[in-house]
Amino acid sequence: MSTALAVPRPATPSLSPTARPGLGRLTRVELRKMADTRAGFWLMAAVVALTAITVVARALIGDAADHDLGSMMDVVLLPAAGLLPVAGILLVTSEWSQRTGLITFTLVPVRSRVLAAKLLAGLVLSLAALVVCLVTIAAGVLLAAQGVDGAWSSSGAMAGQAAVFLTTSMVTGIAFGAAMLASAPAIVVYFTLPGIWTALASLPFLENVAPWADPALGPITGEVLSATQWAQAGTALALWMLLPLLIGVWRITKREVTA
Amino acid sequence: MIESEGLTKQLGGRTVVSDVSFTCEPGTVTGFPGPNGAGKTTTMRMLCGLAEPDAGEARVLGSRYRDLPNPGRRVGILLDASAQHAGRRGREALAVSAQTMGVGEERVDSLLELVGLDATAARRRVGKYSLGMRQRLGLAHALLGEPQVLILDEPANGLDPEGMRWMRVLLRDFADRGGTVLLSSHLLTEVEAIADRIVIIGGGRVRAQGTGAELLNVTGTSVRAQDVQGLRRALASAGLTASPADDDGLLVDAEPEAVARAAMAGGVVLSRLTPSEGAGLERLFFELTTEPTALPDMNSTDLELTGAPA
């Protein structure tokens, strides 16, 4: 007995053959997979660098009055909101394009658990990015909007909207990746969709519908949303986030892994 | 223990695997030779739960693969050594899987050493690996979870002769310690060198199965004479059955000595007399390999070879 107790604990907690890897473990693995490839590393580095550059650039343009929280946030969230979903897309599509799905889905045969872990990892990463962005934005406002009345107005609501924007952008990326299971088409569609939608929305017969399906979620990063705007953001998310996600769930769980 | 019961799979309206049944026992290496496109990979994918069979059932260690709680700790799989993220370092690729299945990272290093990937190679990105290095990384990956069963698709592909010898020793040792191994190859000789049991697959069907000895000892004698008609008569009167061989000779279902006696009794001069051990197996395999699309009807050969007891 004493010898058994003396055995040092291994650095990584080991798992017996009869214990199913938990969702926490799988989420940590997916987080690791997002950053441990060459593409993943540079994507993360680019988000941090661009966020820093953006906040400096935005602080240098215009008067102090232009540097309130909403104006800063409107611009500074863009690198994270634009690039993190690409990490989300690649997290799913690389299982097919890099064919690692052969390994992932033999180690975790219940594929819905892999997708759940990817979504959780995406949420964790976007919340981490949120902290980085908010700190950067706060520093920017603090330095560039000194003495401006109302520079910090509704900061709680704005931080909440930033959280919604970053997390839903990430989940939308994962959903696009899951629905298409191919990196290039998923990334192209993800980036061209808002532009295409803006063009379509200018057509007269779509004028009334357009705000309800705006993939940019209205002015969510720039001003406090009204109840109607929240409802519009909700319907837009149902269309651009939930629908592709459901298609993705169906494809990943039902389709055979032919990678 | 791997059990395949009547596995059948259709892809794009074509039956690629048809009623494939075999069992791999603990302590044995089962070879799964067949030409490219024979259905080996599809069968293995069904064993690992990546593809759903249209009929039949596959069980690994007594349960469906998908029902194994932590399959990485039970079954080591190598389906395609190139199926690794090109932008991930070799060691990291193993570490990700080690974390998933819950084995300590120290095992990653000992396996890298075991398969002969040094620290420099471990730090390189898999995209820069040669096929042989990927194959070694894939074998390390398969062994990572200290499994009892190994399922390896073409593991010798890309290995040099020394690497192949090394792999043979490794798998032999694994089986001798009670493990179950199933490995496929498009080369019969490679399988013969290592397998205790052989399941030959072609055109999606099991064409022959048995122990290496059973399949190779399909006894027969290849015989040739100037006077073929006289030879046929002599063999017939001795009660021996003969069938035409590829080279105007005859293939007789008997020992060489019996054939020689029959020829002597009939007064026929033989120009050749050789035991044709395994000739049937090789010929069958050759036919499967050379005509993967239009398969000859080999029901007669099927009956002869698949009847071997397990």
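Chain A and chain B meet through 35 residues of chain A and 33 residues of chain B, where a contact requires C-beta atoms, placed from the backbone, to lie within 7 Å. On chain B, helix α2 (residues 90-101) makes the greatest contribution to the side that touches chain A, with 6 residues. This is a predicted model, in which local features need pLDDT of at least 70 and side-chain atom pairs count only at pLDDT 80 or more, whereas totals for chains, interfaces and linings use all residues. Residues are numbered from 1 along each chain as its sequence is written, and chains are lettered from A and ligands numbered from 1 in the order in which they are written.

**Interface composition**

- The side of chain B that touches chain A comprises 13 nonpolar, 11 polar and 9 charged residues.
- In this classification, Ala, Val, Leu, Ile, Met, Phe, Trp, Tyr, Cys and Pro are nonpolar, Asp, Glu, Lys and Arg are charged, and the others, Gly among them, are polar.

**Chain B: overall organisation**

- Chain B contains 12 helices and 13 strands; helices (H or I, at least four residues) and strands (E, at least two) are DSSP runs numbered from the N terminus.
- Two domains are given for chain B, domain 1 (2-74 + 147-215) and domain 2 (219-276), with bounds that come from an automatic or database domain assignment.
- The C-alpha centres of domain 1 and domain 2 of chain B are 38 Å apart.
- Of the 310 residues in chain B, 47% are buried; a residue is buried if 20 or more other C-beta atoms, placed from the backbone, lie within 10 Å of its own, exposed if 12 or fewer, and partly exposed in between.
- When contacts in chain B between residues at least 6 apart in sequence are considered, 71% join residues at least 24 apart.

**Chain B: packing of α2 with α5**

- Helix α2(B) also packs within its own chain: its axis and that of helix α5 (residues 131-143) of chain B come within 10 Å and cross at roughly 20°. Axes are lines fitted to C-alpha atoms, for helices over the stretch in contact, and angles run from 0 to 180 degrees between N-to-C directions.
- α2(B) and α5(B) are therefore roughly parallel to each other, given that angles under 35 degrees count as roughly parallel, over 145 as roughly antiparallel, 65 to 115 as roughly perpendicular and the rest as oblique.
- The crossing of α2(B) with α5(B) is right-handed; a crossing has this hand if the near helix is turned clockwise from the far one by less than a right angle, and is left-handed if anticlockwise.
- B:Gly90, B:Ala93, B:Leu94 and B:Ser97 of α2(B) meet B:Leu137, B:Ala140 and B:His141 of α5(B).
- The residues of this helix contact comprise 4 nonpolar, 3 polar and no charged.

**Chain A: overall organisation**

- Chain A has 10 helices and 0 strands, and its C-alpha atoms fill a box of roughly 70 × 50 × 35 Å along the principal axes.
- Buried residues account for 42% of the 259 residues in chain A.
- Among contacts in chain A with a separation of 6 or more, 81% are between residues 24 or more positions apart.

- α3(A) passes α4(A) in a right-handed crossing.
- From α3(A), A:Thr51, A:Thr54, A:Val55 and A:Arg58 make the contact with A:Met72, A:Val75 and A:Val76 of α4(A).
- This contact has 4 nonpolar, 2 polar and 1 charged residues.
- A:Ala64 is located in the loop between α3 (38-60) and α4 (69-76) of chain A, and is partly exposed, with 14 other C-beta atoms within 10 Å.
- Not counting residues up to four places away in sequence, A:Ala64 touches A:Ala144, A:Ala145, A:Gln146, A:Gly147 and A:Val148.

**Chain A: positive phi at two leucines**

- Most residues other than glycine have a negative phi.
- A:Leu181 has a positive phi near 55° and is placed in the loop between α8 (155-180) and α9 (183-201) of chain A.
- A:Leu181 counts as buried, with 20 C-beta neighbours inside 10 Å.
- The phi of A:Leu217 is also positive, at about 60°, and A:Leu217 lies in the loop between α9 and α10 (227-254) of chain A.
- A:Leu217 is buried, with 23 other C-beta atoms within 10 Å.

How values were computed: Contact = placed C-beta atoms within 7 Å.
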